[in-house]
Every structure is written in C-alpha cells, then in structure tokens.
Amino acid sequence: QTRRTFLKTMSVASAALAGGFYTTRASAAAEFTLKYANNLPLTHPMNARAKEMAEAIAKESNGRVELRIYPTSQLGNDTDTLGQVRAGAVDFFTLSPLILGTLVPAAQISGVGFAFKDYKQVYSALDGELGAHVRAQIAKTSIFAFENIWDNGYRVTTTSTKPITKPEDFKGMKLRVPPSPLWTSMFKGFEASPSSINFAETYSALQTKIVEGQENPMAIIETAKIYEVQKYLSITNHMWDGFWFLGNKKSFERLPQDLQDIVRKNVNAAGLKQRDDVAKLNDNLTETLKGHGLTVNTVNPELFRDKLRSAGFYAEWKKKFGDDAWALLEKVTGKLE
Ligand code: TK8
C-alpha cells in the first residue's frame, strides 16, 4: 500500500466514522471518479438532491461516472476549496456567487442588498441575461458554472446580544460575514463591524463570541444548528443568495461528450428540485427555530434599504459592476439606486 492510498483510505475511513462521507459506488471501478464538495450538513436539501443526482449519473452512465460527495467542508473551508477547484484537485463545488466574487468580482451582482423582491425576480434574472453575463465572466477562469443556479434562500440575521429591529441596531455590531467584498461593504453600510469568516469556522466564532451575530437563510440556521449559539432571529431578508454549481473546466472536458451531457443534465435537473425544497424549507422554519429558543422578530425592509441608499452602497456597486451589468439587474428589479 502506497502512502497516498493509505492516506486516502484513512481520510475516507475517518470521514465515514464522522458520518459525513457517502458515495454511490458502481459495482465495477468507475472510469471517471469525480469529487464534488460543499460546506453543508447532510441534512440540508442540497445534499439530499446531490446524492440523488450522483445516483442518476451512475445509472445513466452505466457506472462509468462516479460522483463522490464531500459535504460539511470536509476538504477544507470555502476559500481552500475554491482554490482546489481552480487547480482541478476538486472537480465540482457549490459556492455562493458572492464568495466566488473573491475570484470573479462580477459574480457578486446577484447579492446586492434588497434587490430581488421575490423568487420570480431571482430566477428571471439568474436564468436569464444577468445569469448568462455572470457565467460568461466565470468561464474566463479555469472554472465554469452550470446553467441552473441552486438556491440558498433569503438571508436573515441572528445574534446573541440583541435583536435587529431597525438599521441602527447594526451599529458597531460584530458580525460574521462570508469572505466577499460586497458582503463587507453592505454591512459597513449598516455601520456594523463585519469580519470575513468562512462558513466552516462560523459556528465556533459565534460560540466563542469572537462575533455576536451572523446572517444566513433559515435552512442553514436550522441544519447547521446555528441556533445553539444565538438568541435572536431577525427576519431581515436583506439579500437573496444561491450557489453556482461550479466545475473545473479541464477535468470536465476530460469526459467524453455523452458523459458530459449526462452530468450537465443531472446537475441542472437537481438544481431545479433543490430550489423547490429550499424555498419550502425556508418558509416553514420560523416555528421550529422559535422552538429551539430563538426570539423572532420581523423588520421593515424599506428602512434598511434607505440606509444602504444613503450610505452610497448602490451607487458604489453600480460603478464597480459597470452600467451594462447594472442595467441587466435593474431590468428585473426596477430602480435600486
Ligand atoms: C451555505 C453557505 C452560506 C454562505 C456562508 O452553504 O458562508 O454563510 O453563504 O450561506 O455557504
């Protein structure tokens, strides 16, 4: 046994012990074994749909393609994994467009605060011209994004210190935000004190009180048990967020065309189902999270949007994204600035 296989066996074994690793193993060794990483627990709909997708890919390719799923940041935090997918050490990865913004700044445009009023707007932009624009920018790197973006949901805010009822409540608050210039800029617009922390380190940052709060969709607050280390849940719905299903171009192009087609079809189909699951789950968690002891409040989103407007947030990002990209966004959302 070489050291490499030994280490590989060990990490697979320890991951299996942790309950986090699963794979649809074809009976004979697959011709192509592809690694897909994400940062979410197995209980999140993303991983249920990913597992189903891996099974469909194995079946439709007659066992020629095996998709191994590495959930819960097993291969590293998002910043590390993005590096690995760029280098081809990981084949597929689902990532927030905003975090992808550390590599492709244009991708952050879908995360502009209070832009999309509802899911109809979200998908009319992202399945339409705005999404095509972003995917074209991503494709200028060593990675690409499949057509159908996956859903994360509208983001809400949790804290351990006080509820967010009006924009002023953010003032000076130590908040975890994911690594992304737009996220930092937006929370500076609210006069909070944001720190960029990867999702994999978020629970412990909250637990050890390095930060007071964080923001994420309810499905994540529930499945990643963020409620264990927070007291208040404020339904700020300050931005919609999703996941581009990213692939390393070279590793994908190594597959013969028929297998590429099978993978593409199944990734896009799973994305559509995952959208439904996530939207439903996010809609139905308020009572569950109250049951975990969180105190829940709603806000008037207009006040928050006005605060960002007067902080110059929209004007600043319009300039950064450029008039053409901004026009694609406003075509769907109406005037934001
Ligand atoms: C979930 C997350 C998340 C992300 C973050 O997969 O880091 O908070 O945006 O919502 O990746």
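Q: Before we start, how are the residues numbered, and what pLDDT do local features need?
A: Residues are numbered from 1 along each chain as its sequence is written. The model is predicted, so to speak of local features takes pLDDT of at least 70, side-chain atom pairs count only at pLDDT 80 or more, and totals for chains, interfaces and linings use all residues.

Q: OK, how is the chain divided?
A: Into domain 1 (3-152 + 242-283) and domain 2 (154-239 + 285-333). Those bounds come from an automatic or database domain assignment.

Q: And what separates their centres?
A: 24 Å, taken over C-alpha atoms. The contact takes 33 residues from domain 1 and 32 residues from domain 2. Two residues are in contact if their C-beta atoms, placed from the backbone, lie within 7 Å.

Q: Which helices supply the side of domain 1 that touches domain 2?
A: α3, α4 (97-100), α5 (119-126), α6 (129-138) and α11 (257-283) each supply at least two residues. Helices (H or I, at least four residues) and strands (E, at least two) are DSSP runs, numbered from the N terminus. That side of domain 1 divides into 14 nonpolar, 17 polar and 2 charged residues. Here Ala, Val, Leu, Ile, Met, Phe, Trp, Tyr, Cys and Pro count as nonpolar, Asp, Glu, Lys and Arg as charged, and the others, Gly among them, as polar.

Q: Now the ligand. Where does it lie?
A: Between domain 1 and domain 2, because both give residues to the shell around it. Those residues are Asn39, Leu40, Ser96, Asn152, Pro178, Phe199, Asn216, Ile220 and Asp241. A residue is near a molecule if its C-beta atom, placed from the backbone, lies within 6 Å of it. The shell has 4 nonpolar, 4 polar and 1 charged residues.

Q: What about the largest nonpolar core, how many residues has it?
A: It has 88 residues, and Phe245 and Leu246 have the most contacts inside it. At least three of its residues come from each of domain 1 and domain 2. A nonpolar core is a set of buried Ala, Val, Leu, Ile, Met, Phe, Trp, Tyr and Cys residues joined through C-beta atoms within 7 Å. Buried means 20 or more other C-beta atoms within 10 Å of a residue's own, exposed means 12 or fewer, and partly exposed is in between; C-beta atoms are placed from the backbone.

Q: What is leucine 246 in contact with?
A: Leaving aside neighbours within four places in sequence, leucine 246 contacts Val85, Phe92, Phe93, Leu95, Ile143 and Ala145.

Q: Switching to α14: which residues are buried?
A: In α14 (residues 313-321), they are Phe313, Tyr314, Trp317 and Phe321. Seen down the helix axis, they fall within an arc of 85 degrees, so they line one face. The arc is that of the directions from the helix axis to the C-beta atoms.

Q: Why would residues three or four places apart point the same way?
A: Because an α-helix has 3.6 residues a turn.

Q: What covers the buried residues of α14, and what sits on the face turned away?
A: The cover includes α7 (181-189), α13 (301-310) and α15 (323-333). The face turned away carries the exposed residues Ala315 and Lys319. Glycine 322 follows α14, with a positive phi near 95 degrees.

Q: Where is serine 73?
A: In the loop between β3 (65-70) and α3 (78-87). Serine 73 has a positive phi of about 55 degrees although it is not a glycine.
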